2 protein chains.
Amino acid sequence: MDLNERKLKILQAIVSDFISTSEPIGSRTLSKRPDIDLSPATIRNEMSDLEEMGYLTHPHTSAGRVPSDKAYRLYVDRLMQGSDLPEVNKQEISERLHKDADELDQTVEHAAQLLSEMTNLVSFAITPNRSESKISYINFLPVDESSVVLMIVCEDGKVTNSAIRMNSPYTEENLTLMSKVMTHNFKGKAVSAVLTENITSMFESDMQALAGLAGSVVPSFMKTLEKMLNVDLYMDGYSNIFRLPEYSDVSKARNFLEAVTNKEQFTNVLVNRDQGLAITIGDENSEDLKDFALVTADYKVNGKLIGRLGVIGPKRMKYGEVTSVIKYITDNLSQTFEIPAPEETQETEPAEAEYNDK
Amino acid sequence: MDLNERKLKILQAIVSDFISTSEPIGSRTLSKRPDIDLSPATIRNEMSDLEEMGYLTHPHTSAGRVPSDKAYRLYVDRLMQGSDLPEVNKQEISERLHKDADELDQTVEHAAQLLSEMTNLVSFAITPNRSESKISYINFLPVDESSVVLMIVCEDGKVTNSAIRMNSPYTEENLTLMSKVMTHNFKGKAVSAVLTENITSMFESDMQALAGLAGSVVPSFMKTLEKMLNVDLYMDGYSNIFRLPEYSDVSKARNFLEAVTNKEQFTNVLVNRDQGLAITIGDENSEDLKDFALVTADYKVNGKLIGRLGVIGPKRMKYGEVTSVIKYITDNLSQTFEIPAPEETQETEPAEAEYNDK
DNA sequence: GTTAGCACTCTTTCGCTCAGAGTGCTAACA
DNA sequence: TGTTAGCACTCTGAGCGAAAGAGTGCTAAC
């Protein structure tokens, strides 16, 4: 038995109808669609075939058909038409992303908010692992007698800092020296590379005076590097899911929330997805997410992967709309932060003028 | 009619029974309690009085009594016995908070996690507004030709940084100069004070060369200061609420989630609470939180308010347990980060030894 | 002042029926 | 041979009434 044109047409109709209604689709309903000119009986035969082939299931004998995970996959790969985003939405996205677009992190949060609003699903954003970021410099700054701040600046401009409590007194000169020694040793190296080095041995060859500081500083330094390997997860729109009929059962809603608020586990899932636009449906996901579908896309700046944005929701998701919103937003993000773009930035002109004046 | 001893006893029994069962309490149930030696009929009379006085309500004629907000308030103020935390729990709290206790922010997140686990409620933590933090120094650091990082260090050791995209080329010397000028002007001043100053005018009297930089830098500086006024909100345990029978109705659960995930609004509520241990119940809260109870407590370091931790849940909350957990955790947090405490910190001894070796 | 008794109310649950939706199969049709 | 009409059958879900259970309020007696 093969998937001929007619079967595909019926399958497509079932999937898209089910996506919008979340009700099992019966043969009579389908036969009324203008694009399907077949009698209910014929449709029933085809449905029966499709069920045998694993594309449809039956909640119970006298219910209509429901798409299987396999059907969603086929739908996404071959059947759905990628809806083009209405111009109004495009405009709204652009406007809301450009307003306050000076800080990447904040803009990404706005993007996630926007995404959950426009899709009515739960959205998320992660920053990539920074293990391959190169260190630009390292600075220790005095705070008070017993604490200093460690600051690590990467070549990509990302700054990480953490407070260090000192076990022994320090002088500002020692701190400066420490900063210089460490910067000298680690500048240009990737975070992951530094983490595997034997740092303490480094200080033996260096100044004796620093050894005292090193006792307090090195463990904190290592911890801070490890902290840089963490992926930040931002989520939005939790309550959206409760508007969907499939979660009118509280225990289902709770399962969803539990899967999704287990940050560590969920982050792990997100980190390990394919790059670019990735859609996973039902059993393509890990066990705890097998009732859901995820759509993610990456945004890049100057070709470098910066982060990942996406949504999670029920398998009967408007894949076409969702992917086009996500793609539009990630593309927009990428453009906004593209660096070699010294075009017509109107606001800056006064500043330039001021500068040239003097 | 006054609240005599017997009425109080009955009221206490009703509130505490209702807290643990969430079922309306009938006169017969109460009469079976060993500590209440009255017939159902007598209890009914008292209940009727208590209802008239506004402490109890009736879901319908043939249902038992349910405490009103007023009753919860009385219960919290006068009737409940503050349960002392079992030693096991105390130990667990101490252990889990001290593990990895070098970074305050992270420890606070752990504390909130712990809190939601132990209370089975939704927990949250906020950092205080830093408008009165004093600036210690300001630093501009080069990243690449077109971007620099602005770093503001406060006297309390908190560091805020943001990326600035430069509209015009800069030299490292200029950056350093800029850092010095700004540090000189703002050191020791509170963030809120700096925000009201006319910064641009400051530069007129300063170096001409800096004016060019100022065009890019000053707006970002102001934005960063504003960012410092933001209060961070961390939340945990969303899914706990779905285990409670009162949220078996999805629409109620959704209302809860919506009230609580509206970060801006919810943060606002949390910021404006009384200091110290604060309990607000039902209509003591704002309209959108009128079905819930909140318990919050502050943690301080060296007498200075550092942050606030708490839970939100149904009004029938185990106030005794919850407050003792929260108090124990906040006290513990305060102690952990108390600075002039160079006592027996065992973990640091190896480091010290290492130091003495050399 | 307390209590037993009783009529009354309201909710919840259970079983039942019935309508509706949909299927699968068979037989007829083009 | 593929398509369709017809029909028996299945299953769900809504609606209904009865009955059980919980609890009250009132009255009258202790």
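Guide: Begin with the idea of an axis, which for a helix is a line fitted to the C-alpha atoms over the stretch in contact. Please note that this is a predicted model.

Visitor: At what angle do the axes of helix α1 and α3 of chain B cross?

Guide: Helix α1(B), residues 5–21, and α3(B) have axes that come within 10 Å and cross at roughly 90°. Angles of 65 to 115 degrees count as roughly perpendicular, and α1(B) and α3(B) are therefore roughly perpendicular to each other.

Visitor: Which residues make the contact?

Guide: From α1(B) come B:Arg6, B:Lys7, B:Ile10, B:Leu11 and B:Ile14. From α3(B) come B:Thr42, B:Ile43, B:Glu46, B:Met47, B:Asp49 and B:Leu50. By class, the residues of this contact are 6 nonpolar, 1 polar and 4 charged.

Visitor: Which residues come nearest to DNA strand D?

Guide: A residue is near a strand if one of its heavy atoms lies within 4 Å of it. There are 20 residues around DNA strand D, and A:Arg6, A:Thr42, A:Thr61, A:Ser62 and B:Ser27 come nearest.

Visitor: Which element gives the largest share of the surface near DNA strand D?

Guide: The largest share, 4 residues, comes from α3(A). The residues of that surface comprise 3 nonpolar, 13 polar and 4 charged.

How values were computed
Residues are numbered from 1 along each chain as its sequence is written. Chains are lettered from A and ligands numbered from 1 in the order in which they are written. This is a predicted model: local features need pLDDT of at least 70, side-chain atom pairs count only at pLDDT 80 or more; totals for chains, interfaces and linings use all residues. Side-chain values use heavy atoms; hydrogens and water are left out. Helices (H or I, at least four residues) and strands (E, at least two) are DSSP runs, numbered from the N terminus. Ala, Val, Leu, Ile, Met, Phe, Trp, Tyr, Cys and Pro count as nonpolar, Asp, Glu, Lys and Arg as charged, and the others, Gly among them, as polar. Axes are lines fitted to C-alpha atoms, for helices over the stretch in contact, and angles run from 0 to 180 degrees between N-to-C directions. Angles under 35 degrees count as roughly parallel, over 145 as roughly antiparallel, 65 to 115 as roughly perpendicular and the rest as oblique. Contact means heavy atoms within 4.5 Å.
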